[in-house]
Amino acid sequence: MSDFLKVSRDGDVAIVTIDNPPVNALSFHVREPLMQALVGLRDDPTVAAIVIACAGRTFVAGADITEFGKPVQQPELRAIVATLETIAKPTIAAIHGTALGGGLELALGCHFRVADAGAKLGLPEVKLGLLPGGGGTVRLPRLVGAVKALKMIVSGALIGAEEAHAAGLVDAVFKGDLTTHAVNFAREIARKGGPFTPVRDRNDGPRETDLAAFDAEAADLAKKARGLEAPIACAQAVRNAVTLPFDEALAAERALFVELVASDQSRAQRHLFFAEREAAKIPGKDIIKRRIARIGIIGAGTMGGGIAMAFANGGYSVTLLETSQEVLQRGLGTIDKNYAVSVTRGSLTEDAKWQRLAQFTGSTNYADLADCDLIVEAVFEDMAVKKEVFGKLDAVAKPGAILATNTSYLDINEIAASTSRPQDVLGLHFFSPANVMKLLEIVRAEKTAPEALATVVDLARRIGKVAVVVGVCHGFVGNRMLAARGAESEALLLEGATPRQIDQAFTDFGWPMGPFQMGDLAGLDIGWRNRKARGQTAVIADTLCEQGRFGQKTGRGFYLYEASERTPVPDPQVEALIRDKAAEKGIVPRAIGAEEIIERTLYPLVNEGAKILEEGIAARASDIDVVWANGYGFPVGKGGPMFWAGLEGPAKLIERLDHWHQRTGKDVFKVAPLLRRMAETGSWETGG
Ligand code: 3H9
């Protein structure tokens with residue numbers, strides 16, 4: 001019928017197969033023939049039942065996101081679903097891979113849904129700053145109940161075929177050839193005869209007699225939304241499904257969708273969706289990659305242990321190396337404990353835990369790394385120590401093994417030069433806890449071979465990381481920009497802001513926490529040690545550390561954690577200390593507003609990002625956004641610092657940076673030439 005859609009017959013069952021690689025998105029060129037096919041089959045008396053299936057690796061994974069923001073081309077998904085619901089003969093969605101967003105909404109337009117046992121279903125629109133706009137918020141509650149629908153839609157989480165079956169979303173789960181099963185299912189249903197009730201007229205889900213319970217759940221979810229509009233709209237739409245007649249609820253869903261799709265937040269989240277996929281694209285993608293089966297990790301501390309778990313979780317065998325049996329056993333013990341916690345939380349089965357643990361081999365002998373295809377060093381952050389480790393690796397690693405360092409700051413070119421095989425050396429900068437955090441900065445050193453780089457980019461994806469390739473500089477992309485963000489924090493304190501005010505400005509902006517709360521969580525001693533190593537000082541933070549106030553772990557830092565280990569309470573002693581230090585410097589405190597706090601911390605962050613782009617340390621502005629959204633909690637609704645700069649207005653950034661530069665003379669405020677160019681051209685392209 002079209003290049004993107006075929007209609008075939010198995011006796012009196014018609015099979016509509018959508019074929020729109022890679023993920024069968026419902027692009028205009030699919031919707032048009034799909035509508036025609038459905039109308040034709042509806043009116044064809046020789047057809048007893050209709051199966052909608054997909055070719056390739058997945059069922060429809062949603063609307064075509066690239067079409068958002070452009071004029072809508074008819075027929076819309078909603079019209080297709082409405083047409084499906086006019087069909088009197090049974091319609092069956094045959095779901096394999098993922099039925100997501102508009103894909104699941106299409107399936108909800110069918111009378112029945114059958115799924116492959118490995119299929120996953122969900123309405124992840126919220127992650128794009130949207131709500132399901134094809135009737136999902138109104139139909140899903142009718143099958144699974146309002147509370148379950150609310151949880152699925154507000155979180156955007158996917159559920160497996162079995163769970164979907166148990167919840168009433170899917171009518172049968174099959175293993176083996178799905179289309180054959182779906183056709184048999186369709187024939188049997190058609191034989192039994194109708195009438196077949198469309199989902200819009202059903203109400204099979206658990207009845208929430210108590211709207212208060214729904215509202216309590218919705219209020220709980222809204223608290224976690226942190227300024228994002230989409231989760232609130234999702235909750236409202238599901239509530240409408242319960243309280244309004246079907247058509248009114250559907251119209252309300254549409255109105256919310258239209259509003260959200262045009263919002264800056266959704267544009268920002270869609271930007272991040274494509275940015276994450278773009279970041280994984282490196283020149284020479286088709287280069288033959290090296291085979292990776294066994295991974296060696298040097299260092300079983302917090303970082304090494306987390307990295308080891310990340311690889312084990314991805315299915316790899318891991319050799320964990322430590323300096324002594326005692327330290328090794330401690331590290332393996334922590335890994336064991338972490339997996340046990342996952343079992344208690346229900347995210348891992350007891351069997352899976354034992355399987356994971358069986359993937360680990362402990363050793364205290366470098367020779368045991370000889371069969372590893374990739375070796376990641378996660379030892380103390382000191383150039384001499386790192387070079388010693390790489391010297392030993394050079395002697396034992398097999399030819400072609402990739403040698404990676406997890407350094408956060410050190411010069412990887414220098415580390416590479418200390419081996420006889422710099423082409424095999426690169427950086428894998430994981431973020432703590434490495435088994436949880438999604439970001440991985442892959443650092444390409446001067447001599448890193450293209451196929452070594454391509455191999456780890458591919459590997460990162462296999463272990464579920466969001467990878468960004470960066471160049472060598474102090475702190476790479478993330479930590480270098482973090483330093484620019486932090487540069488003014490102390491100054492703001494001395495000039496009159498309190499830690500609470502600064503943190504509040506950050507959380508109001510959408511960050512999960514502000515810099516001082518973050519410092520207390522991570523441990524103030526880490527920054528203190530780094531500063532001492534580099535001969536730097538930070539008068540307030542250093543004094544707190546001298547007093548043994550390292551943050552949450554000592555119950556005191558910038559805040560007090562006496563009542564609860566995690567709840568920060570402002571400490572009058574810290575505020576007095578700040579006032580004393582300011583007086584010593586002759587600074588008269590003044591009132592500082594949230595706007596100034598953002599200007600003096602986040603504008604330099606963007607400015608540093610522009611310098612990083614100019615230097616070629618990051619290949620694209622969107623790569624920087626991916627780093628910040630995935631590794632540092634930059635609010636996704638603002639799309640990352642470089643995208644946000646566009647929203648904020650580069651001219652405004654420049655004006656304020658110039659102002660602060662004139663006033664303070666500090667380098668962090670010196671406007672990067674690329675930022676000035678961006679203000680003129682509207683693009684972060686370096687032209688290089
Ligand atoms: C929606 O449905 C709104 C409706 O409620 C209302 C309508 C009125 N569109 O992720 P991958 C591209 S909103 C366009 O690397 P995987 C992607 O950019 C949508 N393109 O593969 C990439 O392109 P490239 C709700 C899309 O196997 C390529 O496909 N649905 C779309 O790791 C491969 O993607 C979602 O939010 C799309 N919908 O993961 C689901 N999806 O190769 C979004 C993907 O040029 N998609 N592309 O870089 C996903 O979560 C994952 O892609 C999926 C496959 C799990 C399906």
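**Strand pairing and a positive surface patch**

Lys-438 lies in the loop that connects β15 (425–430) with β16 (439–444). In this predicted model, the relative accessible area of Lys-438 is 44%, so the residue is classed as partly exposed, a class that spans values between the 20% limit for buried and the 50% limit for exposed residues. Lys-438 also contributes to a positive surface patch, together with Arg-57, Lys-127, Arg-277 and Arg-461.

Strand pairing was examined next. Three strands, in the order β5-β7-β8, make up an open sheet with mixed pairing. Its edges are formed by β5 (98–100) and β8 (159–160), each of which pairs on one side only. Strand β7 comprises residues 120–122 and runs antiparallel to β8, to which it is joined by 2 bridges. Within this pair, Gly-160 of β8 is found opposite Lys-120.

A parallel arrangement is found for β10 (residues 294–298) and β11, which are paired over 5 bridges. Ile-295 has Val-318 of β11 as its bridge partner. Buried here denotes a relative accessible area under 20%.

Note on methods. Residues numbered from 1 in each chain as written. Predicted model: local features only at pLDDT ≥ 70, side-chain atom pairs only at ≥ 80, totals over all residues. Heavy atoms only, no water. Patch = residues over 30% accessible without salt bridge, like charges linked within 9 Å, V, L, I, M, F, W, Y side chains within 5 Å. Areas by Shrake-Rupley, 256 points an atom, 1.4 Å probe, with all protein chains shown as cover. Salt bridge = Lys/Arg side-chain N within 4 Å of Asp/Glu carboxyl O. Lys, Arg positive; Asp, Glu negative; His and termini not counted. Charge placed at Lys NZ, Arg CZ, Asp CG, Glu CD. Helix = DSSP H or I, 4+ residues; strand = E, 2+ residues; numbered from the N terminus. Buried < 20%, exposed > 50% of the residue type's maximum accessible area, 1.4 Å probe, protein only. Pairing = 2+ DSSP bridges.
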